[in-house]
Amino acid sequence: MERLDKFLCDSGVGSRSQVKVILKSGRVTVDGRPEKDAARKIDPKTQTVCLDGEVLGGYRRMVVMLNKPAGYVTATEDKVEKTVMELLPPQLQNLDLKPIGRLDKATEGLLLFTNDGDLLHRLISPKKEIPKVYYAQHEGQAGPEDVAAFAAGLTLRDETQCLPAKLEPLGPGESLITVCEGKYHQVRRMMASRGMPVTYLERREEGPLTLGDLPRGQVRELTETEIQLL
């Protein structure tokens, strides 16, 4: 059993204050009868709750992929900058989604969100060593010595020790970089340490997931199969 207002919030109807207004309006029914009492206890397994005639599902685990454009910070709120939360469509705004890891303001590409706290903490744990593949445009050209240095594990200028990583030169000024951790501005700092400052950076893969043909600035919900692969 759970409170009706909590069930409505978990269904993405709105915030607690918005749900209160919606209930007062008489738009919510429980088993076909209008219900305005936010504190009413319901059993989602045996009772049907509707908003404007549409059946609500309550809480369900959700993982969403965003193809992040540049210009947005990875945060749930910021008083100055635009955040990635603003890119989520209205129907996802009230589902308590949080970014998994982060991409800096200038970096584009694959960013995941979830409302599953346990999954979030597992995915950001350094112990999991989930590979993340980045495409970088940079100054100079990566050579065999750079590839070997990445494979051995770089030590940055501030003595930060990086795990072994994969550097794949694609040609003059272009490379793919695979890392299994998420230190602050890590890929940019690693490339800079080898004299190849990054001018453009895009995350293309995370674990078994790829951006595919998802347009920049758009989101899609992961399937249960994809979540299990994570």
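**Briefing: alanine 106 and its chain**

Not counting residues up to four places away in sequence, alanine 106 touches Ala70, Arg188 and Leu201; contact means heavy atoms within 4.5 Å. This is a predicted model, where local features need pLDDT of at least 70, side-chain atom pairs count only at pLDDT 80 or more, and totals for chains, interfaces and linings use all residues. Residues are numbered from 1 along each chain as its sequence is written, and side-chain values use heavy atoms, leaving out hydrogens and water.

**Alanine 106**
- Alanine 106 sits in the loop between strand S8 (98-100) and strand S9 (108-114).
- Its relative accessible area is 45%, so alanine 106 is partly exposed (buried means under 20%, exposed over 50%, partly exposed in between, with a 1.4 Å probe and protein chains only).
- Glycine 171 is 65 residues from alanine 106 in sequence, and their C-alpha atoms are 23 Å apart in space.

**The whole chain**
- The chain has 6 helices and 15 strands (DSSP runs numbered from the N terminus: helices are H or I, at least four residues; strands are E, at least two).
- The chain is more spread out than a compact globule, because its radius of gyration is 22 Å, well over the 17 Å that the globule rule gives for 230 residues (taken over C-alpha atoms; the rule is 2.2 Å times the number of residues to the power 0.38).
- Along the principal axes, the C-alpha atoms fill a box of roughly 70 × 35 × 30 Å.

**Burial and contacts**
- Of the 230 residues, 45% count as buried.
- Take contacts between residues at least 6 apart in sequence: 63% join residues at least 24 apart.
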